[in-house]
Structures are given as structure tokens and as C-alpha cells.
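Here is a friendly walk through one protein model. Take a look at the chain below, and keep it in view as you read.

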Amino acid sequence: MHGDRYLIMTKRLLVESWFPVYEVGVEVRRERSFAYLPRLYVLHLWWARRPLTAVRFLLALSCLSEDGLTVSRDGMLRILGVMGDPLKSWAKRKFDYPVAESQNPNVYACERFMVETWGRRPTFADLMAGGGTAPFEAIRLGFKQVVAGEYNPVAYLVLKASLEYPVKYGDRIVRDVKKYGNWILRRLKERLRKYYPPWKSEYETKQPANYIWVRIFKCPTCSVEIPALKDLWLDREKGYALYPEWHRDKVDFRVVKVELKRGDLATVKEGDLKGLTFNVAKGYVVKGKLICPKGHVMDASKVKEYYSNYIEEMEAKGYRGVHPAKLVAVVFKGRRYAEPTEEMVKAYRQAEEDLKKLWDELIAEELIPLEERDKGYSDRVVIYGLDKFYRLFNARQLLTNAEIVRLVREVYAELSKKDPEYAEAVTVYLTLAFGKLLDYNSALAMWNKPRGVIRNTFDTHAYAWTWDFAEGDIINERTGLHWALGNMLKALKGLVERVENIRDVEVKIVYGDAEYTTLDHAPEGGFDIIFIDPPYYDNVQYAELSDFFYVWYKLILRDIFPDMFGTPLTLKDEEAVANPVRHGKEARSFYEDKMLRIFRSSYKALRDDGVLILWFAHKAGEAWISTVKSLLEAGLTITAVWSIHSEMDRSLHVSGKAALRSSLVFICRKRKSKEHGWLTDVLGALEPTVLKRIAELDEMGFIGPDLIMGAIGEALRIAGEKWPIKDPEGKLTTDQILKYVIDKASAMAINHVMRKVSPELETFDPETKFYALACYLYRGAMDYDDARRLALSLGVTVRDPVETIAIKTGLAKYTVSQVRGARVKVVELLDPVERVKSGMVTGQFAVDHIHSAMAVLASHGTVEEAAKHIAELGVNATEIVKVFYEAMRGMDKIGGLENPGELLRIILYRICEPGLHEIIRPERVRKTLDEYLR
């Protein structure tokens, strides 16, 4: 698939027949690493980010016809920014070329191909653009017009800052945002310095970087203070911990440097507690309950009630932003920790007193949001009394936030006297920098003990409860607003660099519901390409989460963007998500109906020869199949399906097979025929066409689930051309027909894999085939629907084929996995040792004898014992072991058994016939054998 061969010429667009799945997969993996995180991601938090390199290739290949194309695949990779060989580099774990996302594509070559294909530079739209990945790459590729839209006002701001302003203002905006950001920092320090005093000792004075707070509860039985700590570590890597000391009912904390002696027992290394040994793993939080030092239990409901009552009682006294928490540690550069000084504690108390005095004034100036928070689907904290947005911060944070709001307003007022449009742009970036501070400086931003940094509020896709929280120092130049502004400026500079060669692109950012804006903003004749990356049912509640930022941004931007920031909270009635809190039992149907209407609008807004690209990352159940049905019902047909991998397995042999970590991309066009088709006709066309496509994909190097998805894409193309399909006998519904077609295509691909990789498998029992193919295709873990299709392809046609072939036989178990926030039912293979111990290895299937032999070696048994089990396989023993070796080699582990392929190497070398020795390296096996039998 990666070489100097020229692309096959057809009348289809390139993306409909070829996509460099594995090369792009490597680049996506690099792009998502912390070292290379795209500047677009860093600008502002958004809860769903698609890999830019993958989107770039999708858009570029959608603009290129294969007819007359004379660029090799290597050449195409280079044109789009891949400046080396991803597969060879991945194999060596060494890259001598820059990450593809950081390289601008050859826009002149792209424009030439576009004109050759379309006769012009094409138009592009993404009206559910979120963080802006797709429109940003459309700009970089040289599209003539790029329209990006959002229903969410926070996302709308991100789109303006990501797409419009960098193209419009270039380096100028970077310089001025830095200039006015620094002006705000200077004023902020002057006005708030008294609340952030330096840490002073007898020997030195230094400014903290961060502060760590622990929530404190009072035992309802004995009134002793209970610190809400799961353990006593502050930073395990650096060796810092908390040691609590009670003085009657009150708890204080000592910050100590420790070293582990044995288990979880730690000994203090220095200071007046030197030599003290204590259990550093001991905490006072157990499954939402608190255990007081005297052993009394404060159950979860009492914990929530206490916290809520405390806040209400303090507010009745005039105090806001006051939490039942103690400042327990301060953190300095280099991850050094110390106890807070008395001066520091008094400074914070002063902030509480000053906020009490200034509250009415701050509210009158509209510097603090008063909006209430309802219990939403993504909320875990309202039940603790955090039912107003300002309650998500402590008093010092509220004073800081209010001052930033005031200062950003002052910048806008000054700049708008000369140029209101430019003032808008500068103000948006300053607001987004403020948003980054909000995310990392709230009473829900916990301390990340492994890394020694603050973990942001939305580290998960929810308002999540934390037992401790961390606060940044506003004076320190490495944290607080200094860090937030610098981080945002770095992102902005990177965005400007990525669009610096773009010429006359027209960028349009629109606000509103995609159901209507897609049509409202379509050019004459329609868009050439429409990209849709929809929300996935109830996976992320974007509006609920965005309210955290919205209520603060509104204080700055309401007069600048009255249409977007004129409501108390973000609009939610027409948000395309499944939200059981808003829609109850109708949540799923509301989402599906909404998406159908959006697809229909997209159909109308698309040129007759245009392409719609649907990115679908949801893997829970059959969610994507219901989405396919909506596409077909809207009048579209699917011409190709590709898998995109955000992670890669370690071995190239298994590259691209981690199905649970894949996104699916559907390439769609308008359906030509308006007449329905019959199931018999579709099935008649299905087999020869799908088999031909499987052969093409195989020749291009596609393996595993990628080959299967390619086959399914071809089947959906055939079905889509005849949609809606009717069953002549009237037995199957359209849903059942769609599922049947997908299952048939999947079975053809699986059987192709089986014949090519291990034709010997065809003679085995279905259970043995299932286990070997599940290892080879899915690396031992697959979602339920993949397992069901695999079982069906092996002839198991009972009501629940997975239960019959895998669960009842003890080959696998059901688990639940979190994939992008969604719960996915997973079928996970059991390892040989697990199966033997559970008594499920009965000798009924060929795989049982393989597993018995592997379990013997894994348990340090002798080769002779293992050989007895292999001998029971009879004359086919060698072939069966070889099949399993091919299926398992390169797997890191299966179940709890590491490197299962190494056990099969031993079996091949020591037990099976000598003719197989040449396929392995004896010296490696000798070493491995010694390790296992030592």
C-alpha cells in the first residue's frame, strides 16, 4: 500500500477507492502525543477533537479524481505533509521527519488538483464544526470558500478565533494580544498582590506556583474533622506526602519528604518528624463515604448534605466562595512542596472578608455571574450544593475572575474607539485566555499527583466531584493567568503560521442550528463538500458543559455578540444530543429525528456531484447503523467506509486492528435513483461486487477490521443505490435488511481473511475458528457487534451467537469499556491459564488442547507435559499450532497472559515437526524457553 505504484485510475474520487489508513494512523498517533499536540487543540478546551492529519487527507482525497492523476502514493503523502515513511519509522520507533500536522500541505499542488477535478476551487461547509478541525484543514488546503457554524456560542467563539481572525489579521493579532494581555497581567498583579503573598522562611523568600486544598468534613457522631483524602500522597514521584495531626477535634497537616520502606509504609527523611513511619496509603474516603479517625462512618448522603449546608450557612452570613476546605500545601518550581505560612492563610482569609464587603458592588457592575445550575445529565456536583456557577470557585478565585472581567472590558473600550472589528478580535482572544484560567483554577480542578500539576476542571466530560482541589498563583509568572495567556499565545502563533500562505479564501463563521444554517448559507448550486462530525447520542453534553464558560464570557461579550450571548445560559432545546434529563424516554428518538433533519438539509445544500463526509466515532452498540439508516433515508448513498485510528498497536503486524479505538468515516453522495429496490436484487449484486472490492483492498494492503469496513462500505453503496429496500416476502423491516446486508459483507471479508491467512482454519470447529480469528482480527477484545458478525460468519445462527460460541464455552467474557465517554459492551477473550483454572477446558475443541499446552508452559511446567496436550490434536497438530502462532504473534497480552506468541514459539520449536523451525529464530526461542522454564 505504501510504495511507488501509481494509483488506479477510475471515475470515482480518490477517497472512494483509496485512503492511506495505516500511514495516517501513525501520524495521528504522533499528533495526539503531548509533545506534538496541535495548536488548534491548545487554543481553548473543546470536548471532541478530531485528528487534523486524518481530516486533511479525507478532504484532499475528496477533491481529487483518479482520472488522469499521475502522482504516486508516496508523492500524495508528501504533498499533504507526510515528509517521511510512517510505517518504517513506526517499526523502528524513530522518526527523522516532523509530525505531519505541523507541516502545511502543498497548497499550490492541491489547488491544481482541485481545479482539474472540479473545474474550480471547491466550496466547503461544516455547520456542526465544534472545535474547528475540518474547516481549519479546508482553509489550509486552499478551498475557495469555507463556511463553519455552531449552535453553541462558546464553540462559535473558538471558530472565530481559530479560523477567521488568523487568516484576516496574521501576525498583527499575535503582537497585540500579547501587548494587551501583558497590560492586564500588570494591572492584575497590582490590584491583587495582597492576596498572594510570597512564602517566607528563615532562609529564603519565594513565590508559590500552586496551592493545594483538602475538603474537610465534621463527623456527625463525634464532631472530629475528617480530611477528604483517599491517600496521603502529594507527589509520589518526588516523595512528598501529608501527615495529618489532630489537636482535639481539629486537624492540621504537615508536609513531609518521605521514602518508602516496605509496602505502603513510608518514613520521614528530614525535619522535626524525621524517622516517623506511617502508612502513606491510608485515606479517609472509601467509595464516597468518609471514615473519621475514630472509626465512625459518614455515609455519602451525609457528606453531600454537610457540604451543601455549610455553603448555605456561610452565605447566610454574607460569605461567598467559601468551601469547607483547608489550605494544606504550597508548591514551588521543580515540584517542591511546603506547608503554607500563617501569612498566606491570613491573606486568603482577607480575600474572603473583602469579597463579602465588595459583593454588592461586584454584582452591580456585573462582574460575577449569578446564574443557577440545574442538575444536568453531566453533573456530579449540584448535589453538594454547588448549584450556582460562582460556587464552583473559592473567594480568592472569584476576586481574581471579577478583576479580569473588568480589565478585559477596559481593553475593548479603548481599542473600539479606533477599530471596533479589530477590538472584537483582540477581546475574544483575551476572553479565551481567561477561559483557560477558569478551567484550571476552579474548586473542581484537582491536583494531579503523578505529574505534579493542576488537572483541569473538565479532565472528564462532566462536572466531576473532587476531594481535593488546586489553585494557581496569579503573581507567579509560570502559573495562573501568566500561563493561560502564554499557552493561548503559543496556540495563536501556531495557527497564524499554518495559514500564512493562504491567499483569497473566504472564511465565514455562522451561528445557529445546522438544520437551518446549512441551507441558509449554501452558495448557488450548493456546497462541493459538506463535513459532519455529529454529537453521539448522550456521549457529551456540550451545552451543559459550555455553560461553565458561557456565564463568564457573557459578562465581557454580551454587547459585542448580542445574538450569541443574550440568553441566561446556552440554548439547549434543539441541541443534537440525547439528553434524558431534558427529553426523558424520548431522548434517543429526539436525537435520531434531529440528525435525520440535519442530513436532509445537508442533502439539499449539497451539489448534485458533491460529497458529504460523515465522521462517526461512536462505537456503542449499533449506534452507527442507525446513523447509516438516517443517511440513506435522507437521500444519500454511501460510497466508501474507512477506519481512522487514533492509537496504534505496537507491532506493524497488528497495525490498525484495535477496533475499539477506531472512528468510522462514511463517504456519501446523492442517490441517483429515486425508486426502491428489492432485497433479492441487492443480494444478487452483493457477492460479486463486494468480493471484487475485497480483492482490491487486499491488494492495497488492507488487513483486519479495515478490510472488513471496506467490504461493508461497498455493501452499503449497493444498498444505498436501491434504498429503500423491500423484502418480497414482507418478513424483514428496513432496519433488519440493513443489518443483514452488513452481516453478509462482513462474513465475506472474514472468510477472505481466513482463506488467505490460515486456510487450515476451515477444517476446524467453529469455536477454534472464533478464538483464532478474534486474536488475529481484533487482538482479543472486540465490541459485541463485531463479535456477533464474526460468529455469524462461522455459521452460528442462533438467537445470540456470541453467547453460544464464546461465552458458554468459556472462550470469552463480557466486559464494559469506556470509549470516548460511551459505555461499550465488549467481548474479551480469556487467556489459556484463566480457561484452565476455570475448568472450561474440556478437550471438546481444538483450541482446548492448544490452551492446555500453553497453560503448562506459562505455569513453568515441562515441555513433555505440554507435548501430551499437543499430541491429542493428532496429525493436524503442527498446522493448528502454526495457525495460532500467526494469530497471536505480536500480541502484548491476552487476558492476563503476556506475550502469548512466545509460548507458541516454544511449542513450535520443541514439540512440532522440525520443518517449522525455519519460520522462527531458534536463538530467541532458546532464551525465551529458559525464561519460562527457569
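One aromatic cluster is formed by Trp46, Trp47, Phe393, Phe434, Phe458, Tyr463, Tyr542, Phe548, Phe549, Trp552 and Tyr553. The model you are looking at is predicted: local features need pLDDT of at least 70, side-chain atom pairs count only at pLDDT 80 or more, and totals for chains, interfaces and linings use all residues. Residues are numbered from 1 along each chain as its sequence is written, and side-chain values use heavy atoms, with hydrogens and water left out.

The structure holds 43 aromatic pairs (rings of Phe, Tyr and Trp, the last by its six-membered ring, pair if their centres lie within 6.5 Å; planes under 30 degrees apart count as stacked, over 60 as edge-to-face and the rest as tilted). One of them joins Tyr165 and Tyr429 edge-to-face, at 5.8 Å centre to centre and with 65 degrees between the planes. This pair links distant parts of the chain, since Tyr165 sits in helix 8 (residues 153–169) and Tyr429 in helix 13 (residues 420–440), 264 residues apart. Helices (H or I, at least four residues) and strands (E, at least two) are DSSP runs, numbered from the N terminus.

Are these residues buried or exposed? Buried means under 20% relative accessible area, exposed over 50%, and partly exposed in between (1.4 Å probe, protein chains only).

| Residue | Relative accessible area | Class |
|---|---|---|
| Tyr165 | 1% | buried |
| Tyr429 | 0% | buried |
| His482 | 16% | buried |
| Lys189 | 14% | buried |
| His752 | 18% | buried |

Now follow His482, which lies in helix 14 (residues 480–498). Not counting residues up to four places away in sequence, His482 touches Leu185, Lys189, Ile474, Ile475, Asn476 and Glu477; contact means heavy atoms within 4.5 Å. Lys189 belongs to helix 9 (residues 171–192). With neighbours within four places left aside, Lys189 is in contact with Ile474, Ile475, Glu477 and His482.

Next comes His752, in helix 22 (residues 734–757). Beyond its neighbours within four places in sequence, the contacts of His752 are Ile694, Asp698 and Leu707. His752 and Asp698 are 54 residues apart in sequence, with their C-alpha atoms 9.3 Å apart in space.

Finally, step back to the whole protein chain. The chain has 31 helices and 31 strands. Its radius of gyration is 31 Å, close to the 30 Å that the globule rule gives for 934 residues, so the chain is as compact as a globular protein of that length. That radius is taken over C-alpha atoms, and the rule is 2.2 Å times the number of residues to the power 0.38. Along the principal axes, the C-alpha atoms fill a box of roughly 85 × 75 × 55 Å. Buried residues make up 61% of the 934 residues. Of the contacts with a separation of 6 or more, 72% come from residues 24 or more positions apart.
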